[in-house]
Amino acid sequence: MILYHGSNVVVDQPTLIQQNRFLDFGFGFYTTTNKAQAVSFAAKVTKRRRSGQRVVSMYKIDEAVAFSECTILRFDQPDEPWLDFVSENRSGNYNGDSYDFIFGPVANDDVYRTFTLYTAGVLTKEQTLEQLKIKKLYNQLVLTSEKALSYLRFIVLCQRRNFNGR
């Protein structure tokens, strides 16, 4: 499996760094199989941090080996268990089991608006899930332990000229 990580710096040796905000799947090193998503995230991070330049680091992981030797929580679609899990993580209230890997949908900006309306109580859970069915969702694979990180191999830095597939 090829994975991408968007940032404002090269990340050739990923580490677990405590975030200053609550994210979809909690604490961990966030990656995706979608290069365009990583490019978009790199732009957001660079703008937010006001330093560096957009960078996409690329990795390889043998998921057959890694997933058989580690614990994994997998969400194949934005369903009720996914919505509950993301809601608990974003609010900082998740107290469930720990996993080495967490895989599932990630929201783009349009989906974040829907999610914000849900957490504000404007949309019900049913309305939110119905809205999510018509949205395009990318994926994320979050590595949440040192054990998980040990399976990740840095391959190459995607140069800016390669961001548009050229």
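## Briefing on a predicted protein chain

Within strand β3, Val56 is the bridge partner of Gly6, and this contact belongs to a set of 6 bridges that join strand β1 (residues 2-7) to β3 in an antiparallel arrangement. The model is predicted, so local features need pLDDT of at least 70 and side-chain atom pairs count only at pLDDT 80 or more, while totals for chains, interfaces and linings use all residues. Residues are numbered from 1 along each chain as its sequence is written, and side-chain values use heavy atoms, with hydrogens and water left out.

**Overall build**

- The protein chain contains 6 helices and 7 strands, where helices (H or I, at least four residues) and strands (E, at least two) are DSSP runs numbered from the N terminus.
- The C-alpha trace spans about 45 × 35 × 30 Å along its principal axes, and 42% of the 166 residues count as buried (under 20% relative accessible area, with exposed over 50% and partly exposed in between, using a 1.4 Å probe and protein chains only).

**Strands and their neighbours**

- In strand β3 (residues 55-60), 5 of the 6 residues are buried, so this strand is largely enclosed by the rest of the structure.
- Strand β5 (residues 101-106) is mostly covered as well, with 6 of its 6 residues buried.
- Over 3 bridges, strand β4 (residues 72-74) pairs with β5 in the parallel sense (two strands pair if DSSP finds at least two bridges between them), and Ile72 has Phe101 in β5 as its bridge partner.
- Between β4 and β5 the chain passes through helix α3 (residues 80-90), and this β-α-β crossover is right-handed, a term for a path that runs clockwise from the first strand over the helix to the second, with the strands pointing away from the viewer.
- β5 also pairs with strand β6 (residues 138-143), here in the antiparallel sense over 6 bridges, and Pro105 stands opposite Asn139 in β6.

**Salt bridges**

- The whole structure holds 4 salt bridges (a side-chain nitrogen of Lys or Arg within 4 Å of a carboxyl oxygen of Asp or Glu).
- One of them joins the side chains of Asp24 and Arg90, at 2.7 Å from N to O; because Asp24 lies in the loop between β1 and β2 (29-31) and Arg90 in helix α3, the pair ties together parts that are 66 residues apart in sequence.
- Asp24 is buried at 5% relative accessible area, whereas Arg90 is partly exposed at 22%.
- Asp84 forms a salt bridge with Lys125, and their closest N and O atoms are 2.7 Å apart; this pair links helix α3, which holds Asp84, to helix α5 (residues 125-133), which holds Lys125, across 41 residues.
- Through salt bridges that share partners, Glu80, Asp84 and Lys125 are joined into one network.
- Arg74 and Asp76 also meet through their side chains in a salt bridge, at 2.7 Å from N to O, with Arg74 partly exposed at 47% relative accessible area and Asp76 exposed at 63%.
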